[in-house]
Amino acid sequence: MNSITLMIMKPCSRIMFAAAPFPKSPNFPSNLCVSRLKTYKFYGTCSPRFSGVKAVFNESRKEYSGGKRIAAWGQSRIFSPPTPHRPPYYVVATLASDIRNFSTSIETRVNDKNFERIYVHGGDLNVKPVVVEKIDLDENVVKNEEEKKGIEFEKIGNCELKNEGLNGEIESVEVIGREESEVEKEAWRLLRNAVVSYCGSPVGTVAANDPNDKMPLNYDQVFIRDFIPSAFAFLLKGEGEIVRNFLLHTLQLQSWEKTVDCYSPGQGLMPASFKVRTVALDDNKFEEVLDPDFGESAIGRVAPVDSGLWWIILLRAYGKLTGDYTLQERVDVQTGIKLILNLCLSDGFDMFPSLLVTDGSCMIDRRMGIHGHPLEIQSLFYSSLRCAREMLTPEEGSKNLVRAVNNRLSALSFHIREYYWVDLKKINEIYRYKTEEYSTEATNKFNIYPEQIPDWLMHWIPEEGGYMIGNLQPAHMDFRFFTLGNLWSIVSSLGTPKQNEAILNMIEAKWDDLIGQMPLKICYPALKKEEWRIITGSDPKNTPWSYHNGGSWPTLLWQFTLACMKMGRQDLAKKAIDLAEKRLSADHWPEYYDTKNGKFIGKQARLYQTWSIAGFLTSKMLLEKPELASVLYWEEDYDLLENCICALSSSTRKKCSRMLAKSQILV
């Protein structure tokens with residue numbers, strides 16, 4: 001068992017890992033006393049950040065592990081380690097003399113003379129809790145302990161520790177973390193330079209911050225979707241203020257009046273972006289205001305459907321990574337969640353559980369033939385529903401909404417798994433479809449004509465692997481591979497475990513097509529010739545293998561990394577990160593890359609694109625901190641498979657096919 005044993009510790013002691021003053025925390029009790037101070041030194045390579053006392057000293061409280069709630073005073077804090085360019089931070093673990101009242105492992109003894117022996121179990125300072133064991137003190141124990149004049153050092157996590165004689169005292173030990181590469185240092189400098197302040201507080205990051213760009217258009221605004229990788233980077237760095245401010249200020253914008261040609265969309269719509277403007281007041285005074293864009297200024301005047309979905313996803317991530325759940329419990333925040341859900345769950349004419357949207361309502365914000373039920377929106381919708389279900393405060397007024405969320409989750413997961421999934425076997429089934437079936441027992445429910453299967457797909461689909469198609473409507477299947485939708489199908493467990501594994505297998509098999517020289521293709525393949533002219537309207541920015549039409553977008557790297565870590569394929573993530581790291585800095589952090597293999601910088605790509613920078617940083621930190629990455633994705637929810645709401649099983653017309661989804665689950 002890997003362990004550190006601290007000997008000759010007296011009750012009521014403080015353990016300090018050398019560095020700077022520890023901030024005061026309201027979570028710590030006021031009855032702590034101090035008798036001795038001891039420091040010790042680590043040698044080797046360690047994770048760049050580490051936790052303090054990650055322990056629960058009150059068994060009636062919930063454990064804090066990987067972002068779960070905790071109300072006990074023993075909540076851990078995460079700090080940066082010392083580097084040659086920055087002084088280290090202190091991590092102080094304080095143990096009270098009445099620790100026996102809080103410990104998870106304390107035996108009560110009659111002998112009132114005792115001491116505590118503290119172990120750090122499990123070989124990882126970042127994750128495992130401190131367990132305090134109380135040992136009886138007698139003359140033999142004292143004699144034996146006095147013979148031990150040092151600390152027992154072994155390898156802990158990524159640290160290699162060195163034994164030293166201490167002559168009865170615990171001496172200082174230095175923690176040496178992994179030094180950031182020059183590319184990472186540059187990326188952090190650029191990301192911080194992109195921060196936008198409002199009334200003296202950080203509220204987001206601009207889309208791009210190229211000092212040589214004289215016509216930034218709307219790239220000098222804070223976009224909801226663009227800020228997401230920046231938010232994750234700051235959260236993983238332990239800097240939550242900017243994210244909290246962003247969430248609250250965008251929430252305030254949600255209630256603004258939104259009109260386009262005298263028509264107002266439904267309540268709950270989040271803006272696509274906002275800009276901080278300075279307006280003149282009387283007496284030569286000025287005031288900062290937030291100027292939101294809900295789509296009335298966007299190309300095509302399209303409302304951003306994904307903004308509200310991303311906002312809910314980020315709200316959950318903020319709570320998980322900071323431990324601050326008070327934000328999502330606020331009345332105004334709960335109201336904001338409900339407004340978004342009501343907008344998404346409102347009744348309409350659609351027969352499907354998927355969201356019906358127009359072209360250009362998500363990351364692909366130009367005409368690209370994704371109107372209808374695009375996979376990207378469905379996977380984000382599913383993720384936001386799972387987030388909202390976790391965060392909604394249980395109260396009488398929320399019962400109907402929670403019930404509606406559960407029903408939609410159940411129906412949506414079955415719909416996507418059953419009808420969006422294609423692999424070699426499924427394509428062969430479609431190839432043999434009969435058409436014009438008028439029956440509740442029809443196999444070809446959407447009347448898909450086999451001639452729709454494109455020639456490229458028959459030769460491109462690998463023997464092992466598969467993916468979710470881009471769109472599904474009556475008599476239409478969009479067989480293009482859309483990366484973001486497939487990655488979030490993995491992250492949110494919208495796909496089955498077997499399907500999720502197959503998606504990564506296909507990406508690995510088609511690495512040259514989907515990754516090439518710069519990760520990752522936004523979609524594959526590109527629309528060409530007559531197809532491009534009809535579907536895009538001859539869009540000069542979306543020419544084949546450029547921008548949204550098969551361009552390579554570095555910002556997708558962090559989502560690929562998260563999906564790989566969930567499925568235990570860190571090797572694929574590291575391979576893609578290494579590939580990006582070689583070029584991004586040298587190319588001045590472009591927005592996207594062109595050509596079939598991502599060889600050239602995009603012809604209209606903005607340089608110093610913030611979400612390219614943040615996506616790279618987030619990918620690096622996720623790979624180094626799997627315990628933090630684990631709280632950002634979802635595992636399979638087996639209860640959803642039991643919640644059959646269609647009530648067809650008791651009908652004489654048709655038996656429910658929900659059991660088919662259950663049969664696809666890997667045990």
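## Strand pairing in a predicted protein model

In strand S17, Cys523 is the bridge partner of Phe482. This pairing belongs to a predicted model, in which the pLDDT averages 78 over the protein and 70% of the residues score at least 70.

**Confidence**

- Residues 1–176 have a pLDDT below 50, although this stretch still has 346 contacts in the model beyond near neighbours in sequence.
- Residues 647–655 also have a pLDDT below 50, and for this stretch the model shows 9 contacts beyond near neighbours in sequence.
- Where pLDDT is low, the predicted coordinates should not be read in detail.

**The sheet of four strands**

- Reading across this open sheet, the 4 strands come in the order S14-S15-S16-S17, and their pairing is antiparallel.
- At the edges are S14, which covers residues 421–423, and S17, which covers residues 523–524, and each of these strands pairs on one side only.
- The pairing of S17 with strand S16, which spans residues 476–482, is antiparallel and rests on 2 bridges, and Phe482 with its partner Cys523 in S17 is a bridge pair.
- Helix H9, made of residues 399–419, lies across S14, S15 and S16, and the helix runs at about 110 degrees to S15, the strand of residues 466–473.

**The sheet of three strands**

- A further open sheet has 3 strands, which follow the order S11-S12-S13 and pair in the antiparallel sense.
- Strand S11 (222–223) and strand S13 (286–293) each have a single partner strand, so each is an edge strand with one side left without a neighbour in the sheet.
- S11 is joined by 2 bridges to strand S12, residues 273–280, and these two strands run antiparallel; across this pairing, Val222 stands opposite Phe274 in S12.

**The hairpin of S9 and S10**

- Strand S9, residues 195–198, and strand S10, residues 201–205, run antiparallel and are joined by 4 bridges, with Val196 standing opposite Gly204 in S10.
- Between the two strands of this hairpin there are 2 residues, and Cys199 takes a positive phi near 55 degrees.
- In a regular strand the side chains alternate between the two faces of the sheet.
- In S9, the covered face carries Val196 and Tyr198, whereas Val195 and Ser197 belong to the uncovered face.

How values were computed:
Residues numbered from 1 in each chain as written. Predicted model: local features only at pLDDT ≥ 70, side-chain atom pairs only at ≥ 80, totals over all residues. Heavy atoms only, no water. pLDDT = per-residue confidence, 0-100. Contact = heavy atoms within 4.5 Å. Buried < 20%, exposed > 50% of the residue type's maximum accessible area, 1.4 Å probe, protein only. Pairing = 2+ DSSP bridges. Axes fitted to C-alpha atoms, helices over the stretch in contact; angles between N-to-C directions.
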